[in-house]
Amino acid sequence: MPAQSALIRPTAEQLRLPLERALVGEAFVTSDSNAEAVRVLARWPDGAGSVLALHGPAGSGKSRLAADWAERVGAVPLNGVEAALVDPLELEGRPVLLDRAPDADDESLFHLINLANAGGGALLLVSRSAPRCWSVSLPDLRSRLDALRAVAIEAPDDAVLSAILRARFAERSITPSEEVIDYLVRRLDRSADTAAAVVERLDALHRPVTRVLARQALDEMHAALEVDG
């Protein structure tokens, strides 16, 4: 993957940017909740347009799917606020991944879209909501966002959530029964982050992971949320 540091201007603001990147390498589970997005990204850029928006709820796997795409095509990975620190000339003719796209300022986003449309490059915009719902001030940017091709990814269904749980347990060398997995799937929010949190909680209890322990972990998590609320 191209080195990001060579593209971003060395300003003081750069040091405070959130630079989290989705992990690439672990198998991405395809199901009804994400099959269309997987199909589109597997064939894009396909000549049908140089800008594509991928949107879906938190924890749905959109950033992970986008990171896999970026790895495959050699795209420059950016988060929204980083768009203002990049020299557009360095991106000319190159594929770009812009995660948290609505966080980019209007002018930077406008220039990135125009750069991709100029030919030779591609721009994948990732966000929770569709581009038509983003709040922007530039009329020209508004028209471009409204015209963008977009594909949605839904919250994880049972198949994806089960796979996420198994993967998070495996990272901690825990092998729960299918009964435990099914119990958690029926009760968890449809989010990869929530799945990771409950596995972390179960691991911290240092006891065999059973359905009874799973219920205890969920009760503790719900109680903590109520206190925070």
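Guide: A crossing of two helices is called right-handed if the near helix is turned clockwise from the far one by less than a right angle, and left-handed if it is turned anticlockwise. In this predicted model, helix α1 passes helix α2 in a right-handed crossing. The contact is made on the α1 side by Ala37, Val38, Leu41 and Ala42, and on the α2 side by Leu65, Trp69 and Arg72. Sorted by type, the residues of this contact are six nonpolar, no polar and one charged.

Two packed helices are described by the angle between their axes and the distance between the axes. Here α1 covers residues 35-43 and α2 covers residues 62-73. Their axes come within 10 Å and cross at roughly 15 degrees. Angles under 35 degrees count as roughly parallel, and α1 and α2 are therefore roughly parallel to each other.

Now follow the chain into the loop between α1 and β1 (51-55), where Pro45 lies. Trp44 and Pro45 are joined by a cis peptide bond, with omega at about 0 degrees.

Two other loops hold a backbone detail of another kind. Arg100, in the loop between β3 (95-99) and α4 (106-117), has a positive phi, near 50 degrees, and is not a glycine. Its relative accessibility is 34%, so Arg100 counts as partly exposed. His206 lies in the loop between α8 (192-204) and α9 (211-228). The phi of His206 is also positive, about 55 degrees, although this residue is not a glycine. With 71% relative accessibility, His206 counts as exposed.

Note on methods
Residues numbered from 1 in each chain as written. Predicted model: local features only at pLDDT ≥ 70, side-chain atom pairs only at ≥ 80, totals over all residues. Heavy atoms only, no water. Axes fitted to C-alpha atoms, helices over the stretch in contact; angles between N-to-C directions. Helix = DSSP H or I, 4+ residues; strand = E, 2+ residues; numbered from the N terminus. Parallel < 35°, antiparallel > 145°, perpendicular 65-115°, else oblique. Contact = heavy atoms within 4.5 Å. Nonpolar A, V, L, I, M, F, W, Y, C, P; charged D, E, K, R; others polar. Buried < 20%, exposed > 50% of the residue type's maximum accessible area, 1.4 Å probe, protein only.
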